[in-house]
Amino acid sequence: MPARAVNDDQTSAAMQLTRPTGGDVVMFAAGLTAVWVAAGSTGFLAHPLNRAITWLALGVATIAGRRSRVRSMAKAAVLAAGIFLAVLFTASAIPVVNILAVAVLMAAIAQAGRGQIASGLSGRLASIIALAATMLACYRLACGSIPAVWHIADAAGRLSGQLIGWATGRPVALGATFAGIDFLVVTASVYAAWLVCTEPPRRRRAALAAVAILVGHFVYLVAVAGYGRWLASLPEPTMTPLSEISHVGRWTWENGLRTLVPWNLPLLALAIHGTILTAMMLVGRWRLPVELSPRELVERQRHCENDEQIPAARLMLDMAIRFGPPLLATAAALLATRTTARCDLSGKTIVAYQGAAADWTGPQYDAKSDGPFAMLPLLVESLGGKFALSKNLSKEDLAKADAVLLLRHDPPLREDAVRSVCDYARRGGSVLIAASGAGDDLAASLGVPTNGDSARAAADRWEQCCDVSTHSDRPNALAMRGVSPLTIGWADSPLVGGRWGVQNDASSS
């Protein structure tokens, strides 16, 4: 439906009321898909596949959002800069920066369409997607940087699991990943912008849309809670001869589904939330400010009895939607990738527990294998620090330590060693535990107990199944196998958080 100018009595400003076209729908849906895929919210995907899908979705959004030719060199430069930054940001290994790639490109699409009536709503929708992507990036950045935010997100996931367990009679323990908190953040951002940018009355539409979002998310959580029963109802895997065997077996739809559940169940949340948001976009007429040329503005003012001015609140809102996402995206990308910290251990002493399982044998000629930690002392010394080994972690050894390391599957510590390490930690010392056995007992004594279970990931050694930290660009360098979930306090923030893992009894995600 073509746009038409009307008189808005509430704002006393010239406005346009318009409805989305088919291209707008495609651009909007592709932009939403790009946001959630770039954030890694749609399930376990290898990084190359994740980036390829993100680029494909962004390409579709760019083509659908730019249906008319860009007639200005400045606008063409803005769009080209957005494409360049999007490709650059998606090359990063940090999910926050990947999300901001979508925000930058969608903001560039919006800016390139300014002043064109045919592209007016496309620009507004692109700005809303950019704003939602920026909000998701800020949320994920806060989760990795602020302990309280991480705990709130984790508590929201656990609460979702408790509510769905109460409603379905199937207890399930959820974290923020499988609970779909990322989907709710984006949906809430688009919902708020939809209410602001569409014509009144809004109360009835707002209530119906909120109910649809909650019911849709409830359906997704029910699917997550019952995935074990679904798998049990599938036929047994059809395997190939031993020479051709794989973890999938011979391709059948049942075998393919087994590889997707539960790891890619969030794709259902993408389908549900994407459908609801697209339907919301089609309901109601969108309000767009009329962009006049300087000559048209002078003529308008000359023939008007009363000067028509855009209210300051609406002008500020329009400026925030237009320029807020790219500015916030650029600033957040810089904060996520740049740090003033230096790798310097000058004057520091690192004390490691010399347990029976830890092999510190250095590289030797014609040796079948070297100790897995043989190069660690050399690394510490290359950074200016001093490395020392301790067999009993006595108070004398810890008195000179700036950090204590427990590595591999060490045997349980003696009571006097546990007491000395706990006293050392209470005095402000740093303790790094990367071991079971001695590590589990000591962690419990330090107030960070395990829950007595172990978790398995979608990929061996947890490659691409965990968030390391905001400033780490090597998320696959941990090489973990069996891990024990920890219970940490509200003042603590994890350096490593599992995203695509479940407990071994498959009762929780």
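A: Let's start with handedness: helices H1 and H7 make a right-handed crossing. Keep in mind that this is a predicted model. Two packed helices are described by the angle between their axes and the distance between the axes. Here H1 covers residues 22-38 and H7 covers residues 181-197, and they pack at about 145° with axes 11 Å apart. On the H1 side, the contact uses Phe 28, Leu 32, Val 35 and Trp 36. Facing them from H7 are Asp 182, Phe 183, Val 186, Thr 187 and Val 190.

Now for a strand, S4, which spans residues 349-353. 5 of its 5 residues are buried, so S4 is largely enclosed by the rest of the structure. Both of its faces are covered: Thr 349, Val 351 and Tyr 353 are buried on one side, with Ile 350 and Ala 352 buried on the other. S4 runs parallel to S5 (residues 386-390), joined to it by 5 bridges, and Ile 350 has Phe 387 as its bridge partner there. S4 also runs parallel to S6 (residues 403-407), this time with 3 bridges, and Val 351 sits opposite Val 404 in S6.

Last, a quick word on cysteines. The disulfide count is 0. Cys 138 is partly exposed, at 32% relative accessible area, while Cys 143 comes in at 11% and counts as buried because that is under the 20% cut-off.

Key:
Residues numbered from 1 in each chain as written. Predicted model: local features only at pLDDT ≥ 70, side-chain atom pairs only at ≥ 80, totals over all residues. Heavy atoms only, no water. Axes fitted to C-alpha atoms, helices over the stretch in contact; angles between N-to-C directions. Helix = DSSP H or I, 4+ residues; strand = E, 2+ residues; numbered from the N terminus. Left-handed = near helix turned anticlockwise from the far one by under 90°. Contact = heavy atoms within 4.5 Å. Disulfide = S-S within 2.5 Å. Buried < 20%, exposed > 50% of the residue type's maximum accessible area, 1.4 Å probe, protein only. Pairing = 2+ DSSP bridges.
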